[in-house]
Amino acid sequence: MRTHLLTSTHELLERRPGARVSTTALAEHAHVSIGTVYRYFPDMDAIIDELRMTAVHNITTALSTAIARAMDQAPLDAMVTVVEGLTSAFEKHAPVLRVSYTSNEAEFGFAWADIEAPLRPLARIIPTRLRPDLDDDALDDLVFIVMGATASLCSRIALLRPPDADRTKLISVAAKMLLAAVEGA
C-alpha cells in the first residue's frame, strides 16, 4: 500500500506539474480512504520527502554511472555523457523536482549537497586530466563551480526546456560550455 501511495502521488505530480497535492486528492486518485493515507504517512510533506529522497538516491546513482562511463572518453564526449546522464535523471524525477523547486523551502537545493558530496572524487577526474597544472585547492574550487553549473544547466534542459528546443543540441551546447569552463579556468 505504501508503494501504491507513493506511485499515486508521483502520478498526480506528473499531471499537475509544480502543484502541491492534497491528501484528499491522493486518496481519491489512489482509490483508498483518507484514513489509509494517514495510516502510512502523517501528511503530504512526508510523502514528498520520501519521493525526494528516492529521487536523490536515483540521481546520485545515475550521475555516478555517467561519470564512470565518461572517465575514458575524449573530453567533449565525456562532458556530453555527464550532461546527458544528469539531464535524463532529472527528467525521470521531474515531478518531484518541480514540486521541490516551487515549495517555500529549498529542499532539493539542500538535497543537491547530498548528491554532490560523494561524487566529488569522481567529478575531479575529468578536470584533473584536462588541468594537471592546477593544485588541489584550485582543482577543488573548479570542481565546486563546475558541479553547480552542471546541475543548473541540466535542470534547465530537463525541466524548463521550451517545447520546440532540440534536447540533443542543448546538451551539446551545455557540454561545450562546461568543457570551456574547465579548460579556461
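Relative accessible area is used here to class residues as buried (under 20%), exposed (over 50%) or partly exposed (in between), with a 1.4 Å probe and protein chains only. By this scheme Glu50, at 25% relative accessibility, counts as partly exposed. The model is predicted, so that local features need pLDDT of at least 70 and side-chain atom pairs count only at pLDDT 80 or more, whereas totals for chains, interfaces and linings use all residues. Residues are numbered from 1 along each chain as its sequence is written, and side-chain values use heavy atoms, with hydrogens and water left out.

A salt bridge is taken as a side-chain nitrogen of Lys or Arg within 4 Å of a carboxyl oxygen of Asp or Glu, and by this rule eight salt bridges are counted. In one of them, the side chain of Glu50 meets that of Arg2 at 2.5 Å, N to O. This pair links distant parts of the chain, with Arg2 in helix H1 (residues 2-15) and Glu50 in helix H4 (residues 44-70), 48 residues apart; helices are DSSP runs (H or I, at least four residues) numbered from the N terminus. Arg2 is likewise partly exposed, at 33% relative accessibility.

A salt bridge of 2.8 Å, N to O, joins Glu91 and Arg167. Because Glu91 lies in helix H5 (residues 75-92) and Arg167 in helix H10 (residues 167-184), the pair ties together parts that are 76 residues apart in sequence. Both residues belong to a network of salt bridges that also includes Glu84 and Arg161.

Arg124 forms a salt bridge with Asp140, with 2.2 Å between the closest N and O atoms.

Key. Helices (H or I, at least four residues) and strands (E, at least two) are DSSP runs, numbered from the N terminus.
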